[in-house]
Amino acid sequence: MTVAAVSTVTLLVVLWFVITSAPGWERVRETYFDWDDAKASFPGIARAFVVNIKAFLIAEVLILALALLVAVVRVVPAPWMAPFKLIATVYTDVFRGTPTLLVILLVGFGVPALDLQGAPSDVFWLGIIALTLSYGAYVAEVIRAGILSVHPSQWASGRSLGMSYGTTLRYVVLPQALRRVTPPLLNDFVSLQKDTALLSVIGIVEALRQAQIDSSRDFVFTPIVVAACFFIVATIPLARFTDWLSLRAARRQSGAL
Amino acid sequence: MISVRRTRTARAGALVAAGALAFAAGCAPADESDDAASDSASSDADCSVEALPLKNAGRLTIGTDAPAYEPWFVDDDPTNGEGFESAVAYAIADRLGFAEDEVDWVTVPFNTSYQPGAKEFDFDINQISITEKRAKAVTFSEPYYRAAQAVVTLEDSEYADVTSLDELSEAKLGAQVGTTSLEAIDQIAPTQQPGVYDDTSKATQALELGQIDALVMDLPSAFYTVAAVLSEPSVIVGQFQPETGETEEFGLLLEKDNPLVTCLDATIDDLSSDGTLDDIEEQWLSQTTGVPELS
């Protein structure tokens, strides 16, 4: 314990000394860590960060629903499901393989160009759709992996108790599967929280874009650091929760509970 | 408000050059005649090619963003001397004593042009507006151009016929990040959050898709956008002088405290007083007259 503390403090002091004694430190401090610039940009970035939070919360719910549907379609053995399975497989392949940024650009600018009746034209909702499509593919794969990790004997025992395939899935397999994949799922959501910044590319003024506006107006980078802090602060609780869940799962598995 | 027509009597070293912009900012506008008198003194004395503090000895290295748009550049090729900024750059190079083949161009994305530290260009020419705050991070030359802002919309838009900025307050407006246009939007006091885009192509895309009602950009760019970028029929609703930000003046961007600015300023003064800049403006930006003023 003492050793850990001493070595941590020493490392920090050495790092601090090395960085602040660099010849360019003064310029870096003025450009990246200026307290007045930080204060000036804070309210605007805070307002814009509400957009990120809103996008994250809405997208998360939609992603879970879509991913669960896709994952289940892909594991169900019923022969009549074949075309749906094909669609689900193509969907995961395509959207997992396409960078989220491109999906946002394609949906944000491409969907309205189609002039479809009833398609949303509001960029915020187009952005939500894009995030849902992109992350839905990742999360579907995570959930599918969870389902496949449940031992076949669980299926067999469910069926032998007279439950239908669907009921077995619903009451026996899915609960176990979801519990197993909770840490990677949360990990994906941490990632999603950050990727809401990508929505700026279709014209939405969210935290990063607001920071960029301030930054390029005055040629300073402090607002970008402020925006980064917002994302970090919002991510930490989720990250710690993920750690705690993984730890708990590991303990249970080793029987130490 | 910054006034950049300034006097310069010193054959200045680095220190004076560094202070010049801040000095000019606080200073009252000076007469043109003062400029002319001081020019010849400084340009003859310090500004021979051998004496210039250059990145590559004997060669002038100029930065600009890619793609390089008309009317500032032609055919996305800064090296051809065509387009307003390319012509200005070569006029400056010529006046400093560089032959055309002694000028090198490097690509500098706008967002990296103001990063702290050493630059790979002697100066960057990229429609960069001079502001006092920006001048803390980089050094600006004197302005080589003053731009008005313009409002662009589609021909069938309900905003195509407005005659005042007030009438635009209900519109969803858009602009490119890092431009004075974005600040000029404050002058319209829009009720909706403006769309902010990485570059002109995304902004025009949003306009065509109806995600924004009108686009605010500097007047010469507006001409090019209406003529060549937008595929749907579009119009320049009108022009206005920005009042919310500082006056829209484009300057050359240099690494902070680069003493080269003294010679560049003297050269720009020269080009301005002998009418060369006006001629170049006439040649490449002549369409900018005849657009109605928005009150």
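A salt bridge here is a side-chain nitrogen of Lys or Arg within 4 Å of a carboxyl oxygen of Asp or Glu. Across the interface of chain A and chain B, that rule finds 2 of them. One joins A:Asp218 to B:Lys133, with the closest N and O atoms 3.6 Å apart.

Some housekeeping: this is a predicted model, where local features need pLDDT of at least 70 and side-chain atom pairs count only at pLDDT 80 or more, while totals for chains, interfaces and linings use all residues. Residues are numbered from 1 along each chain as its sequence is written, chains are lettered from A in the order in which they are written, and side-chain values use heavy atoms, with hydrogens and water left out.

Back to the interface. Chain A puts 25 residues in contact (heavy atoms within 4.5 Å) with 30 residues of chain B. Together the two chains bury about 2200 Å², 63% of it on carbon and sulfur atoms; buried area is the accessible area (1.4 Å probe) that two parts lose on being put together, summed over both. In chain A, the residues that lose the most area to chain B are A:Arg27, A:Phe109 and A:Phe219, together 31% of what that side buries.

Now for the salt bridges inside chain A. A:Arg74 pairs with A:Glu141, the closest N and O atoms being 2.9 Å apart. This pair links distant parts of the chain, with A:Arg74 in helix H3 and A:Glu141 in helix H6, 67 residues apart. Helices are DSSP runs of H or I with at least four residues, strands are runs of E with at least two, and both are numbered from the N terminus. Both A:Arg74 and A:Glu141 are buried, where buried means under 20% relative accessible area, exposed over 50%, and partly exposed in between (1.4 Å probe, protein chains only). The two also belong to a network of salt bridges with A:Arg96 and A:Arg144.

B:Arg146 lies in strand S4 (residues 139-146) and B:Glu249 in strand S10 (residues 249-254), so the pair ties together parts that are 103 residues apart in sequence. B:Arg146 counts as partly exposed because its relative accessibility is 40%, whereas B:Glu249, at 4%, counts as buried.

Finally, look at helix H3 of chain A again (residues 35-75): the helix bends by about 40° at A:Phe42, and A:Pro43 follows within four residues. That bend is the angle between axes fitted to the seven residues ending there and the seven starting there.
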